[in-house]
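This report is meant for a reader who is meeting the structure for the first time. Please keep the sequence and the 3D view at hand while reading.

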Amino acid sequence: MKTKEIQSLTKEDFIFLEKSLLEIGFVEITKTDSKKTFNRLGLSPPRPITGKEASYMYTNNNYTVKIHTTFLKKEGKWRDTSTDIGWCLIAEKDVRKYFSRPFQRKKGFVLKLLRYAWITKWKVDNRHLCPSCNRYMDIKRKQATRQYFWCCTNKTKHTQPVFLSWDHNLPPKAKQFVTKRRKNTLKYNKNNELLGKNPTPAPVIRKKWNMRNPENQE
Ligand SMILES: [Zn+2]
């Protein structure tokens with residue numbers, strides 16, 4: 001099982017990644033934006049972090065996709081091996097609604113992250129309306145299986161919640177890709193189980209930032 005990161009990512013890889021993200025409509029999260037968020041929520045990292053990684057966002061239908069690349073633009077290099085992983089998530093203002101499995105910087109990192117950026121953007125662009133009441137559906141997650149799904153709990157219009165699967169209407173090619181990745185994840189987890197390792201769900205490992213001003217959350 002290959003779990004080791006390869007540090008073969010180059011600056012050109014980043015240039016390609018950024019160009020591709022901008023082409024499909026993402027914009028860079030500026031230093032000013034990040035600072036404002038840090039100050040507003042009083043955020044401080046759980047462990048020292050080096051530099052500001054290049055991150056991108058895309059907003060539509062009240063959801064924002066965020067991509068964290070682990071590339072330090074100012075320094076012109078990728079964060080050191082094993083110190084960070086790539087992320088793709090969906091937030092509704094300050095609330096994080098969805099995390100994809102994180103992206104280790106192994107072979108194919110850039111393309112995987114890009115494909116996920118595209119798929120996640122598609123999900124936001126095509127945020128479903130409830131088939132029963134036409135309100136925006138929300139992203140929810142099953143506790144037991146950790147599987148995401150779409151849900152509407154507009155009790156004034158329907159007593160029972162309405163559900164759609166997470167990949168509802170996803171184009172076939174995209175569906176093929178996510179299915180393959182989930183299969184690999186299952187295999188990876190199974191292997192860890194056999195080895196007696198119990199990998200903590202990655203979003204939990206991901207910085208539990210300290211928040212001094214939770215009342216300023218939106
Ligand atoms: Zn509804």
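Are α1 and α3 roughly parallel or roughly antiparallel to each other? The answer follows once the basis of the model has been stated.

The model is a predicted one, in which local features need pLDDT of at least 70 and side-chain atom pairs count only at pLDDT 80 or more, whereas totals for chains, interfaces and linings use all residues. Residues are numbered from 1 along each chain as its sequence is written.

**The two helices**

Helices (DSSP runs of H or I, at least four residues) and strands (runs of E, at least two) are numbered from the N terminus. The axes of α1 and α3, which are lines fitted to C-alpha atoms over the stretch in contact, come within 10 Å and cross at roughly 10 degrees. Angles run from 0 to 180 degrees between N-to-C directions, and those under 35 degrees count as roughly parallel, over 145 as roughly antiparallel, 65 to 115 as roughly perpendicular and the rest as oblique; α1 and α3 are therefore roughly parallel to each other. Residues are in contact if their C-beta atoms, placed from the backbone, lie within 7 Å, and here Asp13, Phe16, Leu17, Ser20 and Leu21 of α1 meet Val110, Leu113, Leu114 and Ala117 of α3.

A residue is buried if 20 or more other C-beta atoms lie within 10 Å of its own, exposed if 12 or fewer, and partly exposed in between, with C-beta atoms placed from the backbone. Seven of the 10 residues of strand β4 (residues 63-72) are buried, so β4 is largely enclosed by the rest of the structure.

| Pair | Bridges | Direction |
|---|---|---|
| β3 (residues 53-60) and β4 | Seven bridges | antiparallel |
| β4 and β6 (residues 87-92) | Five bridges | antiparallel |
| β4 and β5 (residues 77-78) | two bridges | antiparallel |
| β8 and β9 (residues 148-152) | four bridges | antiparallel |

Glu53 has Leu72 in β4 as its bridge partner, Ile67 stands opposite Cys88 in β6, and Phe71 stands opposite Trp78 in β5. The hairpin of β4 and β5 has four residues between the strands, and Gly76 there takes a positive phi near 70 degrees.

**The nonpolar core**

A nonpolar core is a set of buried Ala, Val, Leu, Ile, Met, Phe, Trp, Tyr and Cys residues joined through C-beta atoms within 7 Å. The largest such core holds 24 residues, of which Leu21, Phe26, Ile67, Cys88, Leu113 and Ala117 touch the most other members. At least two residues of this core come from each of α1 (11-23), β3, β4, β6 and α3 (109-125), and α3 gives the largest share, six residues. When residues up to four places away in sequence are not counted, Ala117 touches Leu21, Phe26, Val65, Ile67 and Cys88.

Three strands form an open sheet in the order β8-β9-β10, with antiparallel pairing. Because β8 (138-141) and β10 (162-165) stand at the edges with a single partner strand each, one side of each is left without a neighbour in the sheet.

Most residues other than glycine have a negative phi. Asn61, in the loop between β3 and β4, has a positive phi near 50 degrees and is partly exposed, with 13 other C-beta atoms within 10 Å. Arg146, in the loop between β8 and β9, has a positive phi of about 65 degrees and counts as exposed, with 9 C-beta neighbours inside 10 Å.

Terms used: Pairing = 2+ DSSP bridges. Contact = placed C-beta atoms within 7 Å.
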